[in-house]
Amino acid sequence: MAEENISEAINASFERAVQKSNELEADLQLNPEKHRVLTGDRPTGNLHIGHYFGSLQNRVRLQNLGVETFIVIADYQVLTDRDVFKDISKFVLELTIDYLACGLDPHKFKTHIFPHSHIPELNQLLVPFLSLVSNSELSKNPTIKEEIQASGQNVINAGMYTYPVHQAADILFCKSDVVPVGKDQLPHIELTRNIAKRFNKKFKARVFREPTGLLSETPMILGLDGGQKMSKSRNNTIMIKATEDETMKAVKSAKTDSERLITYDPDNRPEVANLLRIAALASGGTPQNLAAEIGDQGAGKLKQIVTESINEHFREIRQRRAHLENNLDFVKSILREGIAESRNVAQKTLEEVRAAMNMDI
Ligand code: TRP
């Protein structure tokens, strides 16, 4: 294929993914009880406001619609691209605290939070799944290629190539059909669909349904340094758990430009536009209206408004966080319950999988 045709093909497949995501969104509103959500994160640190506006808020919304929701903490995935794991258990707790503080509530809703290392039957699905994919398919995965580059490691372990298959086990063990993710995860969803399809075909069974990626409607929040992405390793974030003072300092350090009149112009003034978007998300307004309000009061006023709106929006969440930090036994009990509930589901699925493969005794 000529290069132009390749990028056309990529765009077309992205457009299809967007269309599917929109159809799914419409049905989630109408028939929440027909669906199951699975999504999750790696326990590599606390979550920042980019995670919150880009995905956490959406998870809480789906939960509140009445959709059964599984949140996987992908602790095994941490072993694929880094050498330091002394903090994993701390980060599993910290992630759980962020989730609960932001409104995920396993006691009030059908929500289950669990680290996948505690679900043996989920992990066992990896074995048959590995025989349903080819080496070349794994090494061509564009997200993996990028992660290999970013990891800076000279020896790439096999887990790096195979974790998308493990991710398919995360998604399929509970037969979820809705996977809220960012664009970068779409290749993994496509692989998961293929694994589900191939399993059913090869073993002449109907064990799995093919999941769909639910794409977030919130545009990506950029880093405060004007960088591409808010990310802890780039030190350009505002953490959900930041104090009001830390928030102010982070916002103060944000890059802007020297024009005094504040306008919402994402193409020509990406840093100012990003701050306006953050303030709009936090305060419920629109970036255009905020820009008009600030007018010629300059970047100082803009930053003051950003700081205040974030601190206002996260005040209660931060209070809940602090309370949970002091009740780690409760946080652990949430995980233990999530593990028990997820294991039940995984055991049933593994039984069906064994039966389909003629491995029953
Ligand atoms: N791969 C995801 C990430 O790097 C984390 C993850 C693991 C995940 N299993 C998942 C996301 C299942 C969605 C569904 O962020």
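**Entry 1. Ground rules**

I take helices (H or I, at least four residues) and strands (E, at least two) as DSSP runs, numbered from the N terminus. By that count, N358 falls in the segment after α15 (328-356). I am working on a predicted model, where local features need pLDDT of at least 70, side-chain atom pairs count only at pLDDT 80 or more, and totals for chains, interfaces and linings use all residues. Residues are numbered from 1 along each chain as its sequence is written, and side-chain values use heavy atoms, with hydrogens and water left out.

I looked up the backbone at N358 first. Its phi is near 60°, a positive value in a residue other than glycine. Is N358 buried or exposed? N358 is exposed, because its relative accessibility is 70%. My cut-offs are under 20% relative accessible area for buried, over 50% for exposed and partly exposed in between (1.4 Å probe, protein chains only).

I then turned to N235, in the loop between β5 and α11 (244-252). N235 also has a positive phi, near 60°, and is not a glycine. I noted N235 as exposed, since its relative accessibility is 72%.

**Entry 2. Aromatic pairs**

How many aromatic pairs does the structure hold? I found eight. F114 and F173 make one that is edge-to-face, with 5.6 Å from centre to centre and 75° between the planes. This pair links distant parts of the chain. F114 is in strand β3 (residues 111-115), F173 is in the loop between α9 (158-172) and β4 (178-181), and 59 residues separate them. I checked burial for both rings. F114 is buried because its relative accessibility is 0%. F173 is buried because its relative accessibility is 0%.

F129 and F208 form another edge-to-face pair, at 5.6 Å centre to centre with 75° between the planes. These two also link distant parts of the chain, 79 residues apart. F129 belongs to helix α6 (residues 126-130), and F208 to the loop between α10 (186-202) and β5 (212-215). F129 is buried, as its relative accessibility is 0%. F208 is buried too, at a relative accessible area of 7%.

For the record, rings of Phe, Tyr and Trp (its six-membered ring) pair if their centres lie within 6.5 Å; planes under 30 degrees apart are stacked, over 60 edge-to-face, the rest tilted.

**Entry 3. A lysine over a ring**

I found the charged end of K183 over the ring of F14, 4.4 Å from the ring centre. The test is NZ of Lys or CZ of Arg within 6 Å of the ring centre and within 35 degrees of the ring normal.

**Entry 4. Helix packing**

Axes are lines fitted to C-alpha atoms, over the stretch in contact for helices, and angles run from 0 to 180 degrees between N-to-C directions.

α8 (142-151) packs with α9 at an angle of about 145°, with the axes 10 Å apart. Which residues make this contact (heavy atoms within 4.5 Å)? From α8 I listed T143, I144, E147 and I148, and from α9 M160, Y161, Y163 and P164.

α9 also packs with α10, at an angle of about 65° and with the axes 9 Å apart. In α9 I noted Y163, P164, V165, Q167, A168, I171 and L172. They meet H188, I189, L191, T192, I195 and A196 in α10.

Further along, I looked at helix α12 (residues 270-283) and helix α14 (residues 298-325). Their axes come within 8 Å and cross at roughly 30°. On the α12 side I wrote down V272, L275, L276, I278, A279, L281, A282 and S283. On the α14 side the contact residues are L302, K303, I305, V306, S309, I310 and H313.

**Entry 5. Two C-alpha distances**

A12 lies in helix α1 (residues 3-30). A12 is partly exposed, because its relative accessibility is 33%. I looked up how far A12 is from G40: 28 residues in sequence and 27 Å in space, C-alpha to C-alpha.

K140 is in the loop between α7 (135-139) and α8. K140 is exposed, as its relative accessibility is 58%. How far apart in space are K140 and P187? They stand 9.9 Å apart, C-alpha to C-alpha, and 47 residues apart in sequence.

Note on methods. Contact means heavy atoms within 4.5 Å.
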